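Work through the exercises below with the sequence and the model open. Each task is followed by a solution in steps.

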Amino acid sequence: MADLKEQDSSEQMESKVYALIGFMGAGKSTLGKAVARSMNRQFLDLDESLEYGEGMSIKSMFEIHGEAWFRQKEAENLRRVVEGAAPGAIISTGGGTPCFHDNMSFLLEHTTTILLDVSPKELARRLEPGRAHRPLISHLTKEGFLTWIEQKLEERNAWYRQSEVIIQADELSPAEMEQWIHYREEGFLR
Ligand code: S3P
């Protein structure tokens with residue numbers, strides 16, 4: 001009976017999907033993709049699936065339709081992707097996903113959320129080279145960039161920090177994240 005109970009709860013845990021949340025540049029897509037491949041899990045990227053569904057880049061969505069339109073589509077896509085995901089799948093969200101349209105409540109209810117918590121300085125270092133291609137930060141000056149990240153992060157932490165799991169991710173490797181998922185699902189490190 002005890003065994004059965006344990007099995008039930010671990011199955012239940014595995015049947016939930018993992019949602020990686022956090023700021024742009026936190027490593028949600030890169031880590032998620034690497035870990036899913038190594039663990040043989042389904043990987044789903046919300047930004048990518050939205051781009052595919054709408055037939056245009058996120059940058060074009062912001063330019064043509066504006067942010068409010070994008071947030072509405074993002075919320076609808078989130079629900080669609082989570083509902084269709086395989087058990088144990090790893091989903092990377094967009095940096096703003098948890099902060100609009102009650103999405104954080106939805107994520108907390110239907111997924112195991114993992115916040116990849118990265119310091120503003122490290123985020124600025126990672127984001128600087130590709131800044132021109134990201135709609136929310138392309139207009140900022142190099143000097144004002146770190147301050148903008150600090151302010152935005154503080155604002156978004158009201159949602160991010162509700163996450164079920166918070167991992168300091170300035171130096172997180174895919175192998176460490178994989179170990180963490182094993183530990184959570186099986187109770188031991190591999
Ligand atoms: C956004 C982050 C982006 C993308 C969009 C808006 C944000 O995703 O969804 O440009 O509001 O922080 P990444 O975090 O994957 O870059």
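**Exercise 1.** Which strands does helix α6 lie across, and at about what angle does α6 run to β4?

Solution. The model is predicted: local features need pLDDT of at least 70, side-chain atom pairs count only at pLDDT 80 or more, and totals for chains, interfaces and linings use all residues. Residues are numbered from 1 along each chain as its sequence is written, and side-chain values use heavy atoms, with hydrogens and water left out.

Step 1. Find α6 at residues 103-110. Helices (H or I, at least four residues) and strands (E, at least two) are DSSP runs, numbered from the N terminus.
Step 2. Helix α6 lies across β1 (17-21) and β4.
Step 3. The angle to β4 is about 120°; axes are lines fitted to C-alpha atoms, for helices over the stretch in contact, and angles run from 0 to 180 degrees between N-to-C directions.

**Exercise 2.** Give the strand order of the open sheet and name its edge strands.

Solution.
Step 1. Two strands pair if DSSP finds at least two bridges between them.
Step 2. The five strands follow the order β2-β3-β1-β4-β5, with parallel pairing.
Step 3. β2 (43-45) and β5 (165-168) pair on one side only, which puts them at the edges.
Step 4. From one strand to the next, the twist averages 25°.
Step 5. Four bridges join β4 and β5 in the parallel sense; D117 has Q168 in β5 as its bridge partner.

**Exercise 3.** Is I21 buried or exposed?

Solution.
Step 1. Locate I21 in strand β1.
Step 2. I21 counts as buried because its relative accessibility is 0%, where buried means under 20% relative accessible area, exposed over 50% and partly exposed in between (1.4 Å probe, protein chains only).
Step 3. Contact means heavy atoms within 4.5 Å. Beyond its neighbours within four places in sequence, I21 has contacts that include M104, L107, I114 and Y160.
Step 4. M104 is 83 residues from I21 in sequence, and their C-alpha atoms are 9.7 Å apart.

**Exercise 4.** Which elements each supply at least two residues of the lining of the largest cavity?

Solution.
Step 1. On a 1 Å grid over the protein atoms alone, a cavity is a set of points where a 1.4 Å probe fits but cannot get out, and lining residues have an atom within 4 Å of a point.
Step 2. The elements are β4 (111-117) and α8 (142-160).
Step 3. Among the lining residues are F23, L115, D117 and Y160.

Conventions:
1 Å grid on protein atoms, 1.4 Å probe; cavity = no way out; pocket = protein on both sides within 12 Å on 5 of 7 lines; lining within 4 Å.
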